[in-house]
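Good morning, and thank you for coming. I would ask you to look at the model on the screen while I speak.

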Amino acid sequence: MKVHEYQAKALLAQYGIPVPRGRVAFSPSEARDIAVEIGSKPVVKAQVYAGGRGKAGGIKTVNSPAEAETAASQLIGTRLVTHQTGPEGVPVSKVLVEEASDVTRELYLSILVDGTSRLPLMIASEAGGMEIEEVAQSTPERIFRRDIDPAIGFQLFQGRKLAYGMNLNGGQISEATRLMTNLYKLFIDKDCSLAEINPLVVTSEGKLLALDAKLSFDDNALYRQKDIQELQDKEQEEPLEVEARDWGIDNYVKMDGNIGCMVNGAGLAMAVNDLIQHCDGRAANFLDIGTLNNTARVVNSFKMFVADPRIKAVLVNIFGGMARVDVIARGIVEAYQQMNIPFPVVIRLAGTNLEEGQRILAESGISFIQAKDFYDSAYKVVEAAKGVTK
Amino acid sequence: MSILVNESTRLLVQGITGNEGSFHAQRCIEYGTKVVAGVTPGKGGSKQLGVPVFNTVEKAMAETGANASLLFVPPAFAADGILEAIDAGMPLVVCITEGIPVLDTVKVHRYLRGKSTRLVGPNCSGVISPGKCKAGIMVGEIHLPGNVGIVSRSGTLTYEVVSQLTSLGIGQSTCVGIGGDALPGSTFIDILELFEADRDTKAVVLIGEIGGTMEQEAAEFISHKMTKRVVAFIAGSTAPPGKRMGHAGAIITGSAGKASEKIKALSQARAIIARHPAEIGLTTRKALENL
């Protein structure tokens, strides 16, 4: 789960990490008031989940409260298109107004869980302000990493090594070490999956300051992080994915094709989309229906397909294991009874309780295209989406 | 032979009195697995499915000689259940539970260091050596005893591959679901190493997916340490970056996480790549013919 920059900075501040003075504004007049409060030159930053705001015009440095108000009015209510969003962009409904900082150096600092060592990993670099992956490719010698042993936590010597790696000196070393210790504490306390300060700047007074911050959180841990869960901004997410969650379908991802897919299991669901593409079609979504005890999720998936004007055909591919084929079949029949299904549906079933599932479909008299195996199911749904009649 | 589980596996089920634990323990018993004990704290002394239930893993091992554990404990308590099994010296722990917080898993990995336990999962379908032992939630009937090993990050996609192989008459030595989390207890390399040493495994099918770099590390291992033929498929060629595709670990965050990068690494390691997921069985048959 992601949060906005202003929320991330509030959390950093709670953990004693210096951030620029400022607040979030929901209207241009509020932006003006905050600029007056700050008293010095303000920056107005669009609050969206996507990165790449600077280049997209989402960050404006201005000279006065009046200009802050104008800048905010140019951002609030618009959609921001960055290299990380689609061409439709993401909505801007609030801006962060904070004091502009006098920057002498831009550094990089982050913590994530490393898949190889399986430990929290702190990464520091003196090459801040750009994508760290680019730095890692072009100048890997400028990146410093320290695994953190969760049994003893982050140690001062590790902080010193990283701080020297960033070419800090004097009092900055202990300042940076303290900042890193606090960031690690935040990372652990709040079940972060990424805590990134980019850039971490050195001001003209030689002080460290988190100029931009990105925090994301482990979805599996949200049950014990209620305060974090409340920060979620649904407006920033893909509307169809929010709708799917509201229908109890957690594993739905919008894709750009016209074939609706309902599959059990994440790996199989990805493979179905890959196979559709191999057969020259495009999936409209990824949907892992998961393990079912009742038919509601199947019916709700069909409701989503019917409401989605892009859908030209639907593929149901279920290999029953934990999920039982008969429950899925009953769900499909219920969906047909509850709504008019305006597109062809290709069904491929295998696994647990297959015979019962097939019997339910056959006896219901609903009209669908039966697939004989995995390949056949993808081939037939692509043909169906093209309007080729069988 | 086979790897991880066989006729002498004596299975303990942690969480045997829960809905899923009980349902799948029953299926394992029906398959012929020796399920010798269950553990549910507070229910020690009772019986479930005719199997004695204990309060602690240690007691269950001492009384029944259990040498593998299959774990169905809910996510908030699953890591604790794994730690208990490691502490008791359980040789193999297979964790089915999905949704364990990553930082809990980090603790488990730290505690595993220097211990004798092998962990498979979490968020996996388990391990089956067809005809011998099923320690997992996979459909037993689709399997056929034989000489192809399978290692996979996915559950249902593995069922699909197994059924393709079985319908071609190609049996399996052992099928291992290592799970869809970002920090699996056993990696591709861990399992490939076991297959390489297993006399009954002639070739291995590896089913990877987007996210992380485990497939690249496997490719490195295959090119330097493996003599056996490996057939590979990577799911998620069509997955958009930055989106979590169901599995916690299936998210493209950097260029290395893309399917194309993994396929490139594996084909450079001379693994045979199945072009699409409906062709994995046929690709394996060809690989076996060319041995």
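Predicted model: local features only at pLDDT ≥ 70, side-chain atom pairs only at ≥ 80, totals over all residues.

H276(B) touches L275(A), H278(A), Y375(A) and F233(B), leaving aside residues up to four places away in sequence; contact here means heavy atoms within 4.5 Å. This residue sits in the loop between β14 (272-273) and α9 (280-289) of chain B. Helices (H or I, at least four residues) and strands (E, at least two) are DSSP runs, numbered from the N terminus. Is H276(B) buried or exposed? H276(B) is buried, at a relative accessible area of 6%. The cut-offs are under 20% relative accessible area for buried, over 50% for exposed and in between for partly exposed, with a 1.4 Å probe and protein chains only.

Residues are numbered from 1 along each chain as its sequence is written, chains are lettered from A and ligands numbered from 1 in the order in which they are written, and side-chain values use heavy atoms, with hydrogens and water left out.

Let us turn to the interface between the two chains. How many residues of chain A are in contact with chain B? The number is 48 residues of chain A, in contact with 54 residues of chain B. The size of an interface is often given as the accessible area lost when the parts come together. Between chain A and chain B, the buried area is about 4000 Å², and carbon and sulfur atoms give 62% of it. Buried area is the accessible area (1.4 Å probe) that two parts lose on being put together, summed over both.

Side chains of opposite charge can pair when their charged atoms come close. The term salt bridge is used for a side-chain nitrogen of Lys or Arg within 4 Å of a carboxyl oxygen of Asp or Glu. Between chain A and chain B the count is 5 salt bridges. One of these joins D149(A) to R110(B), with the closest N and O atoms 2.7 Å apart. There are also 15 residue pairs in polar contact across the interface of chain A and chain B, both residues being at pLDDT 80 or more. A polar contact is a pair of N or O atoms within 3.5 Å; within protein, one must be able to donate a hydrogen and the other to accept it, and residues adjacent in sequence count only if both atoms are side-chain atoms.

Which elements of chain A give two or more residues to the side that touches chain B? They are α4 (132-138), α6 (171-189), β13 (251-254), α9 (266-278), β16 (313-320) and α13 (374-385). Of these, α9(A) gives the most, with 10 residues. By class, this side of chain A has 21 nonpolar, 15 polar and 12 charged residues. Ala, Val, Leu, Ile, Met, Phe, Trp, Tyr, Cys and Pro count as nonpolar, Asp, Glu, Lys and Arg as charged, and the others, Gly among them, as polar.

I now move to salt bridges inside the chains. Over all chains, the whole structure has 35 salt bridges. One of them pairs R53(A) with D212(A), at 3.2 Å between the closest N and O atoms. This pair links distant parts of the chain, 159 residues apart: R53(A) is in the loop between β2 (42-46) and β3 (59-61), and D212(A) is in the loop between β11 (208-210) and β12 (213-217) of chain A. R53(A) is buried at 7% relative accessible area, whereas D212(A) is partly exposed at 21%.

In chain A, D189(A) and K185(A) also meet in a salt bridge, at 3.0 Å from N to O. They are separated by about one helical turn because they are 4 residues apart in helix α6 of chain A.

In chain B, K262(B) forms a salt bridge with E215(B), the closest N and O atoms being 2.6 Å apart. K262(B) lies in helix α8 (residues 259-268) and E215(B) in helix α7 (residues 214-225) of chain B, so the pair ties together parts that are 47 residues apart in sequence. Both K262(B) and E215(B) are buried.

Finally, chain A as a whole. Chain A has 13 helices and 18 strands, and buried residues make up 55% of its 390 residues.
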